[in-house]
Amino acid sequence: MDGDYVVGGVFSIHYYTYTVKNNYTTMPDPIRCSGSINSRELRFSRTMIFAIEEINNSTKLLPGIKLGYQIYDSCASVPVAVHVAFELLSGLDSVFYAGDNCTQSGKVMAVVGESGSTPSISMSRIIGPFNIPLVSHFATCACLSDKQQYPSFFRTIPSDQFQADALVKLVKHFGWTWIGAIRSDSDYGNSGMGSFLDAAHKEGICVEYSESFYRTNPRSRIQRVADIIRRSTALVIVAFTTPGDFRILLEELSLKPSPPRQWIGSESWVTDPSMLKFRFCAGAIGFGIERSVIPGLRDFLLDLPPSEVSASPVLTEFWEEQFNCRLEKRSATDKNVCDGTEDINKIHSPYTDTSQLRITNMVYKAVYAIAHAIHNAVCQETHYITQCNKLTSIEIEQVLTRLKHVNISQNGYEVSFDVNGDPVATYELVNWQNTETGSIELVTVGHYDASLPAGQELRVNKSLTWVEGGTQVPVSVCTVSCPAGTRKVLQKGKPICCFDCIPCPEGEISNATDSSHCFTCLEEFWPNAKRNNCLPKPVEFLSFNEGLGIILCVFSVGGACLAVLTAAVLHRHRTSPIVRANNSELSFLLLFSLTLCFLCSLTFIGAPSDWSCMLRHTAFGITFVLCMSCVLGKTIVVLMAFKATLPGRDVMKWFGPPQQRMTVVSFTFIQVVICTLWLVLSPPFPRKNLTTYKEKIILECALGSTIGFWAVLGYIGLLAVFCFVLAVLARKLPDSFNEAKLITFSMLIFCAVWVTFIPAYVSSPGKFTVAVEIFAILASSFGLMLCIFAPKCFIILFQPEKNTKKYLMNKT
């Protein structure tokens, strides 16, 4: 249609071109389109005509000026699109040529199109140097935002860069980390998928495979892609394809059903009504341009009188395809002629479906953006009156400049461009849901607005239907998340989403899922059984409340009571010969020291403190030295008594009771000095032993000075050995007279206990170290008690006939 200013339009009304084999001897025929008509693209072209007619009838926009149009079919072919670009540049079509009186008629001010990114790139490179604006309604390749290469390119649909970011956020929102990726082998698919994969990699999303194909590829290539999808383990597949390409792949997949797959679609195909026939894709989700309403468009689309249809080859082809008849009889045998009863209102086609006007609105907005740019170039506002001069000669550069600053609201929808020629990116999240009738419908379940703050762009406000009609979000991961208590170990040669879950080593935890490291607990903490939390280590010491502590307490108190009871028996019979003959004073002092020895073992039981640590070792050392001193004194008395029986030997005056007391005090005082020096210089102290056991704390008494500890034990051992040697020397004295043999046996037991104590003490862990020390104290104390005093008590209580001076003096 002619006009004062002409707007070009390019749409992919057909999918293919005829394949011609050139012989290079004759001029080739013009490229012709083939295949069935794309009803959706036909609707786009008719929407452009509707918008132009609406503008021509407007009194506010370009009043008094008529817009014309030149609309071409690119056949979704780059060669055809290039040919169309040159035709739009020339403007010399005979239909629009005005003879000698040249006006703006026939000169294209701007172009609406193309639907595909690759044809748009080719066209923009051709018309760009001439500053002719190309406003696309469907070319989303992010590469077209490069103003250095495409300075005159604009679009009313968001760039694929925004869509790729939105798809990554969608995949991350539902927790999918293992996906497949397919794309059209075109600028649209390769650029869009490239942007998606870059963003997915930053978010830790792994891609099992990434395959490309094109609708004109050999079938073997399409089959290979289909087989990869069937064999894959990724449940979720992101498809960045055009509808024409994706249709070929789905038709191949439908021949041999594949396992259920959750499809994530790019805007190009996920909102295409013609794709809804593939029912095995039910549950697919993706982003689409927001739905819109264009008043009057449906009536315009359906208002196709026969005269208009027959005057247009494209409409004629569409009509004959839809009703399977011919408008005109082309031969004598042609019987399938339309009878005039055909009603376009009764057909179901993307052309007549205006319930999901998405890309159609982008065409509508593109036409109005161009019209406003021309309006701003040729019209002036004076006294609230708009005056436009159709004879004004304007340069195309003016339209390009005005188009950059267009900011209007048309039919309730904002139209503006940023510095890259892109609009504000807003999408609807759509879901393919089954209806009660068995068909599939597009349902809006959320929104995406790239202008919102990070993390708030995506909103899902309705329940979704997933693959196979499921209501639960499908899981698509290479490896299930590692629970707390384990760490991730990547599998060699596989993406980072494929890993093994290894339990944390001993003493380490991980308290988050998918942790790549385990962390060591603090020194006084230890992991729980699941190794996902650090708990305070249990504190262990020999307690009065546990079985071992109770048993040792019983023996300790029992030994002390036995010593007291023995002392009572000896005191009761203190005048008897057997008591008097065995130095009753030293015997009672020995029983007193044994009582202290039994009781000092109680200081080793219970939680160590500063006082208990100092008391337990010093009390033990002093009482045992007191005990050994008494035994040593008794041994010396036996030897002296034997020597005193020889004529002329009055040695007992040198070792009487005063000397005996002095000996005991002297030997004991030496131990007191050793213990005092130990306590003053480096006393024992309580400490938490964190090294013996990793999983618990041993509360024990540190020795402070090990020299002091071994000096105390060494002094006790020295007295024991000295006493043992003297007892051995006196062992052949008459048994009925002295207790040298009893002392010998007691010293054997004492030395045996303490010799075995040393390795047992060093090797015993934790509280058992204390138990070994208590056992040594009790065993040696019971050994002295039983060996020295048991025979005497037995004679006193059960054999009183032997408790006589005559019997004791009997040397036979």
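**Salt bridges and a helix pair in the predicted model**

At 1% relative accessibility, Arg358 counts as buried, where buried means under 20% relative accessible area, exposed over 50% and partly exposed in between (1.4 Å probe, protein chains only). The structure is a predicted model, in which local features need pLDDT of at least 70 and side-chain atom pairs count only at pLDDT 80 or more, while totals for chains, interfaces and linings use all residues. Residues are numbered from 1 along each chain as its sequence is written, and side-chain values use heavy atoms, with hydrogens and water left out.

The side chain of Arg358 meets that of Glu428 in a salt bridge (2.8 Å, N to O), a term that denotes a side-chain nitrogen of Lys or Arg within 4 Å of a carboxyl oxygen of Asp or Glu. This pair links distant parts of the chain, 70 residues apart, with Arg358 in the loop between helix 11 (313-323) and helix 12 (359-378) and Glu428 in strand 17 (residues 426-434); helices (H or I, at least four residues) and strands (E, at least two) are DSSP runs, numbered from the N terminus. Glu428 counts as buried, at 8% relative accessibility, and Arg291, Arg358 and Glu428 are linked in a network of salt bridges.

A search of the whole structure finds 14 salt bridges, among them the pair of Arg224 and Glu211 (2.8 Å, N to O), in which Arg224 belongs to helix 6 (residues 219-231) and Glu211 to strand 9 (residues 206-213). Arg224 is partly exposed at 39% relative accessibility, whereas Glu211, at 14%, is buried.
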